[in-house]
Amino acid sequence: MSRQEVLEKVTKIIAEKLGISESEVKETSKLIDDLNADSLDLVDLVMAVEENFGVKIDDSDLDKITTVKDVVDYILSKS
């Protein structure tokens, strides 16, 4: 799967889970500061990403994932 395909899929997941338009989700968007995700939203996002991409996001890595780009990079590093 290419970086662009992963980004598009992640964008769809984030938009759906946060109830926002895909056009609001940029690769540089910060999940909490820019997209207003709260801790429950983040749990939902992690579960959706794990399910859709077949990766396991370690709790110790969650602190490092703050932007959409971080999510995409993490998925690519695990696949």
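Buried residues account for 38% of the 79 residues in the protein chain. The model is a predicted one, and its chain holds four helices and zero strands. A nonpolar core of 24 residues is the largest in the structure, and helix 1 gives the most to this core.

**Overall fold and dimensions**

- From the N terminus on, the elements of the protein chain follow the order α-α-α-α.
- The radius of gyration of the protein chain is 11 Å, which agrees with the value near 12 Å that a compact globule of 79 residues would have.
- The C-alpha trace spans about 25 × 25 × 20 Å along its principal axes.
- Of the contacts between residues at least 6 apart in sequence, 53% join residues at least 24 apart.
- The protein chain exposes about 4,900 Å², of which carbon and sulfur atoms supply 49%.

**Record annotations**

- UniProt, in an unreviewed entry, places the feature "domain: Carrier" at residues 4-79.

**Nonpolar core**

- Within the core of 24 residues, those with the most contacts are Val10, Ile14, Leu31, Phe53 and Val68.
- Helix 1, helix 2 and helix 4 each contribute at least two residues to this core.
- The share of helix 1 in this core is seven residues.
- Ile14, one of the core residues with the most contacts, touches Val25, Leu31, Leu35, Leu45 and Val68 when its neighbours within four places in sequence are left aside.
- Two of these partners, Leu31 and Val68, are themselves named among the core residues with the most contacts.

**Helix 4 and its packing**

- Helix 4 comprises residues 68-78, and its buried residues are Val68, Val71, Val72, Tyr74 and Ile75.
- These buried residues line one face of helix 4, because they fall within an arc of 160° when seen down the helix axis.
- An α-helix has 3.6 residues a turn, so residues three or four places apart point the same way.

**Exposed positions**

- Ser77 also belongs to helix 4, but at 53% relative accessibility it counts as exposed.
- The C-alpha atoms of Ser77 and Val6 are separated by 12 Å, although the two residues are 71 residues apart along the chain.
- Asn36 is located in the loop between helix 1 and helix 2, and its relative accessible area of 60% makes it exposed.
- Phi of Asn36 is near 60°, which is a positive value in a residue other than glycine.

Methods:
Residues are numbered from 1 along each chain as its sequence is written. This is a predicted model: local features need pLDDT of at least 70, side-chain atom pairs count only at pLDDT 80 or more; totals for chains, interfaces and linings use all residues. Side-chain values use heavy atoms; hydrogens and water are left out. Buried means under 20% relative accessible area, exposed over 50%, partly exposed in between (1.4 Å probe, protein chains only). The arc is that of the directions from the helix axis to the C-beta atoms. A nonpolar core is a set of buried Ala, Val, Leu, Ile, Met, Phe, Trp, Tyr and Cys residues joined through side-chain atoms within 4.5 Å. Contact means heavy atoms within 4.5 Å. The radius of gyration is taken over C-alpha atoms; the globule rule is 2.2 Å times the number of residues to the power 0.38. Accessible areas come from the Shrake-Rupley method with a 1.4 Å probe; for residues, only the protein chains shown count as cover. UniProt positions are given in the numbering used here, feature names are shortened, and annotations may be inferred rather than shown by experiment.
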